[in-house]
Amino acid sequence: MNVLIINAGSSSLKYQLMDPETGAVSAKGLCERIYIDGRLTHNANGKKIVKDIPMPTHSEAIQAVLSALVDPDNGVISSMKEIDAVGHRVVHGGESFASSVLITDQVMQAVEDCTPLAPLHNPANIIGIEACRAVLGHDVPQAAVFDTAFHQTMPEHAYLYSIPYEYYENDKIRRYGFHGTSHRYVSLRAAEILGRDPAELKVVSCHLGNGSSLAAIDGGRCVDTSMGFTPLVGLPMGTRAGDMDVGVVEFIANKYDMTISEAVNLLNKESGMLGLSGVSSDFRDLEQAAEKDHHRATVALEIFEYRVRKMIAEYAAAMGGVDVVVFTAGVGENAPETRAHILQGLGFMGITCDPEKNNCRGKEQIISQDGAPVTVMVVPTNEELMIAQDTMELVLDQE
């Protein structure tokens, strides 16, 4: 089966053509500068092709992708009929979706209804779905895989905010969490590597990158996660402030004559590692600066590591123990020193770090000491494979 995986952003579109049974990717690429002038970067058959193609809308971007896939010289399929299904990453499913679903008109309306919860993301996801429908037609099944769905198993005491209850009843203000597809993939993959049943394991999943979140996964079900109503909260991130006193928003807005939206934009785009360090939002740049004794870069990294360390312990407490800690995403997979610093001081919980094993980047590896009660692992995330497999299962179930 060939599944086309689409991740549509406001002015970009990432794609992969994958066989979900083997995980083999025959082509992948990126459409960018949609609505401006348009550029396609296509990788297939060991070759990388970059073309400037007019993309006034996402429909033209989808058409450019399909044309690249069937191109006589650089394509990987002979016709569009070889695309069996399309799987879409959709950021927000609200309380409507606790799992992936085949897309129907009713599903589209529910995704539209969630737009106020993700105004920057859901509209782009909807455009991507509609563009695929316009180009491929309605006969090709499409599936929506939601970032929020995996976290819908959280209990009320984990997802409710301590504000007047009517704001939850009327406006659905609650903790939703994000990165769910990644957390689900790495927790399942960790169990597979260990030869264990996911239902037997208590896992703390650490998705650490420019955007970062942790999830407590007990018996395969998420029971808590660090992001909330929006991706702003939880850990400090590349440019996001993470958890903080919301009174700061009022203080900054009043003192510097900002609107609430302007102050929140500051917390989203000018804070986190960038705001603390004054150097960069990229952890690699911070590590280089810290090596040169740049104080603010050093402190920014220490704050990040400290917060992750505390949250691992917090989530172990939430589950009544922990069997596995998993690191994933850009920083989690590729920053051995950051992992080592995070794990320092958690020995009292049976969490250890073997320096030699930890000296790895971008590959599956157990990095805890031999015989340690808690297994610590690096598992590169593969959200696209999860999307492809969900899509395949939904299509086969329908048949």
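In which sense do E13 and strand E14 pair, parallel or antiparallel? The pairing of E13 with E14 (residues 375–378) is antiparallel, over 2 bridges. Helices (H or I, at least four residues) and strands (E, at least two) are DSSP runs, numbered from the N terminus, and two strands pair if DSSP finds at least two bridges between them. Within this pair, Ile366 has Met377 in E14 as its bridge partner.

A word on the source: this is a predicted model, in which local features need pLDDT of at least 70 and side-chain atom pairs count only at pLDDT 80 or more, while totals for chains, interfaces and linings use all residues. Residues are numbered from 1 along each chain as its sequence is written, and side-chain values use heavy atoms, with hydrogens and water left out.

E13 and E14 belong to an open sheet of 6 strands, in the order E11-E10-E9-E12-E14-E13, with mixed pairing. Its edge strands, E11 (221–225) and E13 (365–366), each pair on one side only. Helix H6 packs on this sheet and touches E9 (202–207), E10 (213–218), E12 (324–328), E13 and E14; contact means heavy atoms within 4.5 Å. The direction of H6 makes about 125° with that of E12, where axes are lines fitted to C-alpha atoms, for helices over the stretch in contact, and angles run from 0 to 180 degrees between N-to-C directions.

A second open sheet has 8 strands, in the order E5-E4-E3-E2-E1-E6-E8-E7, again with mixed pairing. E5 (47–52) and E7 stand at its edges with a single partner strand each, so one side of each lacks a neighbour in the sheet. E6 and E8 (residues 142–146) pair in the parallel sense over 5 bridges, and Val86 stands opposite Gln142 in E8. Helix H3 (residues 122–136) lies across E1, E6 and E8, at about 170° to E6.

The whole structure contains 14 salt bridges, each a side-chain nitrogen of Lys or Arg within 4 Å of a carboxyl oxygen of Asp or Glu. One of them joins Glu95 to Lys172, with the closest N and O atoms 3.4 Å apart. Glu95 lies in the loop between E6 and E7 and Lys172 in the loop between H5 and H6, so this pair ties together parts that are 77 residues apart in sequence.

Lastly, the lining of the largest cavity takes its largest share, 3 residues, from H6 (residues 180–194). A cavity is a set of points, on a 1 Å grid over the protein atoms alone, where a 1.4 Å probe fits but cannot get out; lining residues have an atom within 4 Å of a point. Among the lining residues are Ser187, Leu188 and Ala191.

Conventions: 1 Å grid on protein atoms, 1.4 Å probe; cavity = no way out; pocket = protein on both sides within 12 Å on 5 of 7 lines; lining within 4 Å.
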